[in-house]
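Have the coordinates open as you read.

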Amino acid sequence: MPEVIINGPEGRIEGRYHHARGGTAPMALVLHPHPLHGGTMNNKIVYTLYQCFVRRGFSTLRFNFRGVGRSQGSFDRGEGELADAAGALDWLQGYNPNAGACWIAGYSFGAWIGMQLLMRRPEIDAFISVSPPANTYDFTFLAPCPSSGLILQGDQDTLVPHESVQKLVHKLSHQRDIKIDFRKIAGADHFFAEQTELLATHVDAYVGEHLRPAGAEPVRAAGRGR
């Protein structure tokens, strides 16, 4: 799990990267929760997502947004953080030019940033959003949502009402060729205290079911290609 330093839009971006064997191994980018609320790339949910991808044979990158850890810059209300994520994906692609698939995963604030990146980068094949803050941030930009994915939320989440996430899922699920797998984790709150292993089980199962064989073409929404 070597440390990497990426040249980002505001200077140095600190990350951790696992490089998978094989020139066509899939790749994944994992995004952390809100920088002003203690979110870092070492958050236990972020680390859990990272390890799920590593175990499935992905070249996987997690990193600190600007102003977090050794990453330079300061919090930019989402706009700068989206630029950081785009720069990190550029770096990941540079090391994996023949990757068989590209996934994005994010937790809380990171889920919001990840979904915005999904809209801007057609090479992203699938997403995983954990506790997306649909009550706090605007997700209406997902019109249409370009890729199918997994949304996870604890059924005891008191920070993000279940109704707001269900409304988001309903909107996305009714778009053409998009399939949203929405799973509520029994007994879990927003932070998944004591439930990280169960979360990992759901993520691993979804990735295993939807990771396409090497060389196969991705399944995409109508009208969208690389």
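## Arg121 and its partners

Arg121 is buried at a relative accessible area of 13% (buried means under 20%, exposed over 50%, partly exposed in between, with a 1.4 Å probe and protein chains only). Its side chain meets that of Asp90 in a salt bridge, 2.7 Å from N to O (that is, a side-chain nitrogen of Lys or Arg within 4 Å of a carboxyl oxygen of Asp or Glu). The pair links distant parts of the chain, 31 residues apart: Asp90 sits in helix α2, and Arg121 in the loop between α3 (109-120) and β6 (126-130). Helices (H or I, at least four residues) and strands (E, at least two) are DSSP runs, numbered from the N terminus. Asp90 is partly exposed at 43% relative accessibility.

A word on where this comes from: the model is predicted, so local features need pLDDT of at least 70 and side-chain atom pairs pLDDT 80 or more, while totals for chains, interfaces and linings use all residues. Residues are numbered from 1 along each chain as its sequence is written, and side-chain values use heavy atoms, leaving out hydrogens and water.

## Other salt bridges

The whole structure has 9 salt bridges. One of them pairs Arg56 with Asp204, with the closest N and O atoms 3.0 Å apart. Arg56 lies in the loop between α1 (44-55) and β4 (59-63) and Asp204 in helix α5 (residues 196-210), so this bridge ties together parts 148 residues apart in sequence. Both ends are partly exposed: Arg56 at 35% and Asp204 at 24%.

Arg176 and Asp177 also meet through their side chains, at 3.8 Å from N to O. Here Arg176 is exposed at 67%, while Asp177 is partly exposed at 43%.

## Two buried residues

Ile6 is part of strand β1 (residues 3-8) and is buried, with a relative accessible area of 2%. Leaving aside residues up to four places away in sequence, Ile6 touches Gly11, Arg12, Ile13, Leu61, Gly87, Ala88 and Trp91 (contact means heavy atoms within 4.5 Å).

Asn96 is found in the loop between α2 (79-95) and β5 (102-107), and at 7% relative accessibility it counts as buried too.
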